[in-house]
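Thanks for asking me to look this one over. My comments are below as numbered points, to be read with the structure open.

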Amino acid sequence: MSNPTQAGFTIDRGITVQSFGSSSNGNAFLVTSGAQALMVDCGIGIRTIQRGLKDRGMTLNDVSALCITHEHSDHICTLPRVLREDLCVVATKGTAARSIGRHANRETVRAFVPITIGEITIWPLKVSHDAAEPTGFMFEFKDGSRATILTDLGVFTDDLAPFLQASDFIILEANYDEHMLLTGPYPRYLQERVRSRKGHLANSACGAALASVLSVENRTPTVRLAHMSEHNNVNWLAEQTVTQHLTEVDLELDVRVLPRKEIFEPWVSTRSAAGKEFVLSTEAERRGQLALEM
Ligand SMILES: [Zn+2]
Ligand SMILES: [Zn+2]
């Protein structure tokens, strides 16, 4: 795990969450805390995953755990390339049964029962979706910050609200625009599947959920919209719809759509001592950074 630099120090990657790509075609996220790195899903090409890790000074061998949300191919298609004996897979029993086969190194989790791996506490969050036992995840970090990743949910259920309220960073699905879905190329049965309680979250449902949940606590997390449909959504419409809902409750948040296939800039916890300088190669640099902040 540790990644010694020339000077012999460990790279402190800070507390970050980064999308390597998110859409109906594929999803993968990187979560780091200090020298610890874990991934959420691996449903994009191996080269993009490797490039994203390399940009951060890592290889796949530096990733100690993989959290799998569910067994659909847009979340696990690169699993055979990513899985190695010492990679700990975090998944529910139902998801594990349909994804990792006999892979022994696993943490079988249950919805809303947290586990801690290294510095990161992981909360599996139950979602309504047409898979065996699907989840989202909230990550709790040692600096007190929290980040939630929720995709593939047909409906935003009340038991998810406290997790969004507690989060500094939220990745939430805005899969489709209702009008585009109904007038788009999908056959009727597929439209109904997407719109069902076990399908995906519409832009308007995403915006309404964020508005109702965040206005209560007057929270102002950074929000990224994820898992966009290729045929039934466009970025500006998703952003506009969600922002409208937030404006109605006087919330002004940093809301952006995650690129479908590109690696996006990481969210960095501003609570962490390293601040924005999340890649510090030597202890001296770290001390300099801390001195600047004091
Ligand atoms: Zn799915
Ligand atoms: Zn999906």
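1. H70 has a relative accessible area of 1%, so it is buried. Please keep in mind throughout that this is a predicted model.

2. What are the protein donors of the zinc ion (ligand 1)? They are H70 (NE2), H72 (ND1), H129 (NE2) and D152 (OD), and they lie 2.1 to 2.5 Å from the metal. Along the chain, these donors follow the spacing H-x1-H-x56-H-x22-D. H70 and D152 link distant parts of the chain, being 82 residues apart. H70 sits in the loop between strand 4 (63-67) and helix 2 (73-76), while D152 sits in the loop between strand 10 (146-150) and helix 5 (161-165).

3. If you plan to set up the metal geometry, do look at the angles. The four donor atoms around the zinc ion (ligand 1) subtend angles of 90 to 172 degrees, and the arrangement is therefore irregular. For reference, the ideal angle for four tetrahedral donors is 109.5 degrees. Four donors count as tetrahedral only if all angles lie between 85 and 135 degrees.

4. The zinc ion (ligand 2) has D74 (OD), H75 (NE2), D152 (OD) and H227 (NE2) as its protein donors, at 2.1 to 2.2 Å. Their spacing along the chain reads D-H-x76-D-x74-H. Here the donor angles run from 90 to 164 degrees, which makes this arrangement irregular. D152 is in the loop between strand 10 and helix 5, and H227 is in the loop between strand 12 and helix 9, so this pair ties together parts 75 residues apart in sequence. H227 is buried, because its relative accessible area is 1%.

5. Which residue bridges the zinc ion (ligand 1) and the zinc ion (ligand 2)? That is D152, and the two ions lie 3.4 Å apart. D152 is buried as well, with 2% relative accessibility.

6. Leaving aside residues up to four places away in sequence, N175 touches S24, V194, H200, L201, N203, A226, H227, M228, S229 and N233.

7. Seven strands form an open sheet in the order 7-8-9-10-11-12-13, with mixed pairing. Strand 7 (115-117) and strand 13 (255-257) are at the edges with a single partner strand each, so one side of each has no neighbour in the sheet. From one strand to the next, the twist averages 20 degrees. Strand 9 (residues 135-140) pairs with strand 10 in the antiparallel sense over four bridges, and E140 stands opposite R146 in strand 10.

8. Last, the helices that go with the sheet. Helix 8 (residues 203-217) packs on the sheet and touches strand 11 and strand 12 (222-226), its direction making about 145 degrees with that of strand 11. Helix 9 (residues 235-248) lies across strand 12 and strand 13, at about 155 degrees to strand 13.

Note on methods. Residues are numbered from 1 along each chain as its sequence is written. Chains are lettered from A and ligands numbered from 1 in the order in which they are written. This is a predicted model: local features need pLDDT of at least 70, side-chain atom pairs count only at pLDDT 80 or more; totals for chains, interfaces and linings use all residues. Side-chain values use heavy atoms; hydrogens and water are left out. Donors are N, O and S atoms within 2.8 Å of the metal (3.2 Å for Na, K and Ca); water is not among the atoms, so sites may look incomplete. Four donors count as tetrahedral if all angles lie between 85 and 135 degrees; four count as square planar and six as octahedral if opposite donors are over 155 degrees apart and all others between 65 and 115; anything else is irregular. Helices (H or I, at least four residues) and strands (E, at least two) are DSSP runs, numbered from the N terminus. Buried means under 20% relative accessible area, exposed over 50%, partly exposed in between (1.4 Å probe, protein chains only). Contact means heavy atoms within 4.5 Å. Two strands pair if DSSP finds at least two bridges between them. Axes are lines fitted to C-alpha atoms, for helices over the stretch in contact, and angles run from 0 to 180 degrees between N-to-C directions.
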